[in-house]
Amino acid sequence: MLKFLYKIIILLCIFAGSLYYFGRDIKEEVFDFDKTIEMSETSFPTITLRVGDDEVNLLHGYSSNINANLIRECITPIDSEKSFLVVINQQKNDVKRLIYELRNVSDNKLLETDTINALEKEENNKTAKIKFKTDLTEGLEYTVKITLVTSESRKMNYYTRVKPVQSSYYKEKLNFVMDFHNQIMNKNKAENIIAYLEPDSKMDNSSLGYVNIHSSFDLISWGNLKPQVVGQIVPMIKEINTDMSSIELKYMISSETESGIEYYYVKEFYRVRYTTTRMYLLNYERTMEAAFDMNLTSLAKSELKLGITNQSDMELVTSADDNKVAFVRQRELWYYNLAENTAVKVFSFRQTNTDYVRDTYGEHNVRILNMDDDGNIDFIVYGYMNRGVYEGKVGIALYKFYSAENRIEEIVYIPMNVPYQILKEELNEFSYVNQLGIFYFTLNHTIYSYDFITKGINVIASNVDSDNFVVSKEKHYIAWQNSNNIKESTSIIMMDLETGNKQTIDAPEKENINLLGKIDNNIIYGFVKHKNISLKEDGSILVPMYRIEIADSSSNILKEYKKKNYYITNVTVDANVITIERVKKEEENGKTYFVSTEPDNILNNVIDEREEIEITSRVTEKTLTEYYISLPSGFIMETKPVVNETINTIITEDTTLRLDETERLKEQYTVYALGDISGIFDNAGEAISLANESIGSVLDYNQLVIWERSIRSTALEISNITPIYETGTTDSVSACIQMLINYRNGFTSTTNSKVGEGTAYEMLKQTLGESVINLTGANLDSVLYYVTKKRPVIAMKDDNDAVLIIGYDAYNITVIDPELHRTMKIGLNDSTNMFKNAGNIFFSYLPGNE
């Protein structure tokens, strides 16, 4: 017994001694405010390009090498002299020389490079003339990289595209745009622009946030607002052709309103057409966004003023007790504590001494990932970094805001080699930080996780399509298919973002599973017999699912949909209604067909809960519709909030995380509309449809223009196409493919080109390879663009037969119909409806691989 007591005493003494010894090295972590820094101000020069006497295309510098082919922020027209002047606003730099590179867009081949050491002085600027020696193809775009080198050997890169257009009439177009802009800024002169407007009584004329050519004259001329431009306006040429061009103006204005002096970000987009007799305004759009100012808070209603905006659906992130709110407004992150009546500008590139150019450059954004009940916020800044330690770089920076200490700390920085416009499309809406310090994000079809503590990066899943990927932040899970190929998709993986635990939903043997989406944080998926999956004529896959299910985050089945003889091909979710697209199976001549039938609906019971903190609107005579953040009922703001700005913690260790480069998908089509990228699509037809609606253009993987909104000639017919008709061994689809291939290869006889077997798309792919373009989903009016380029278009007129479109006039299209053994005209309305009923299935080819 005594030995046992001695052992206990000895152990206690050892334990006490250990505490004393090791305790000397265990210190409470106290934050040292001496280790903080303010973000440095903008320092890079800016460049404008002078074409003739006009300065256009304001360029911002990059401190890292970006894939120049992916940057299409502006196009600089050049004529037979093949030259333009570079105007360098040095800011506080001393630029000593300029280096330029001229490259092909399609293959990035270097065509020309030179160094200009003798820079000319022009007031506070320096200039250099670039004159190309290389022969350039009329109407083809080229990339130009301009590198400035300072006296401190600092290098900054600037990018533009140049386009040789002998008769671009850019000066006449620029003059028209600037005259229009100047006149609408002055009510006394604005009546001169009435003749160019197309007012529509159906337009909503209650907001200055969005205005277009169909808005009222009063709204286009700024209503009762009296705007004053602050900073400079440099026209950005977005598209340039002989007749039509697109030009963008971005600037800031100030105006005195009922709340005081307010500032606004304004973007004007013009699409104009030049003729020898007059100018035509084909499209005009203007957006206006108020710069958030906490001093404009409404004490009378205890509301935070957002002001004029076209983005009234902005996200508000609130704490569980509705005592704290965070939001992003015009790329600035704000935090407000109701109990303390304090506000913090958590993050912003905008400077106090702004020049309204460099710090307000809008090629980046901020996204809130989460906020805890103490007001600590995880957020990312992604895109071009306007200032600070990463000035001129493109990347993704993850920060943490500590509300009690009023500081932000950088967690990780991920450099990127693509511009913001591409990054914002490839960076999926999903980003999440869990309680254990794991950062989940998706980028370019890959799901990553990054551990704050170990600094380790893991690939959770790769080749994940946005169509086969579901996120629920509220239930903290993600779900994806184990394969993008539906024929190989046998399970859905669901992962808990807090624990990292995974569970699967498996398809029965000889079946596949298809993830369709979510409703009210529950996933929707369907099952299909493997033998029923087939390829359609347009190359898309028919997936007739015999059953769909709705399951919660624990894989519990909440609802099932299955009806005899009906198969589900797709579902769409709108609020609490699921619309089910269906087909029916039919047998004919020993073959199985799936025929479209009427859709069905599932009603999901969702209880709408009113948010305590929400966005509301009200209308005033001067500013029309304005928006406010309405705080909980009963909350009274007696004084305007005290506004603070954060400080940055100095991090001594390198937080850079470099990802392995993943190849961008080759069959991707980028839509440029209204001056920006509007979307990236796997299907060319879908991209063309969006570009047609938004008056834009479509670029392929090589960033070559494959379609643009244009005015086609009155009539055109492609010659040298020898008709091939149906025979006992050749159907209409094969005949059309043979004619198209013969024409492309320069054959004028009826010699049959080998077209292979399979669907129309498979046969074209086998023969034309990468040059075939699937236009399915676009309408007839859009695909006639290819006929104007003297490239025939194959069109399915029903489920089985095709025609070859070879021409058009003001009222008809001309087709070769192999089934009817004739070349004939069909009215535009009749043919539009015929092709629409057949699914708008069209094919043509691109000239690149001819």
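Select A300, which is found in the loop between strands β17 (279-290) and β18 (303-307); helices (H or I, at least four residues) and strands (E, at least two) are DSSP runs, numbered from the N terminus. This is a predicted model, in which local features need pLDDT of at least 70, side-chain atom pairs count only at pLDDT 80 or more, and totals for chains, interfaces and linings use all residues. Residues are numbered from 1 along each chain as its sequence is written, and side-chain values use heavy atoms, with hydrogens and water left out.

A300 is exposed, at a relative accessible area of 81%. Exposed means over 50% relative accessible area, buried under 20%, and partly exposed in between (1.4 Å probe, protein chains only).

Next, select N444, in the loop between β28 (438-443) and β29 (446-451). N444 is not a glycine, yet its phi is positive, about 50 degrees. With a relative accessible area of 9%, N444 is buried.

Proceed to N565, in the loop between β40 (557-561) and β41 (566-574). Its phi is also positive, near 70 degrees, but N565 counts as exposed at 51% relative accessibility.

Finally, select helix α10 (residues 828-837), whose buried residues are L828, S831 and F835. Seen down the axis of α10, these fall within an arc of 70 degrees (taken from the directions from the helix axis to the C-beta atoms), so they line one face of the helix. The face turned away carries the exposed residues N829, D830, K836 and N837.
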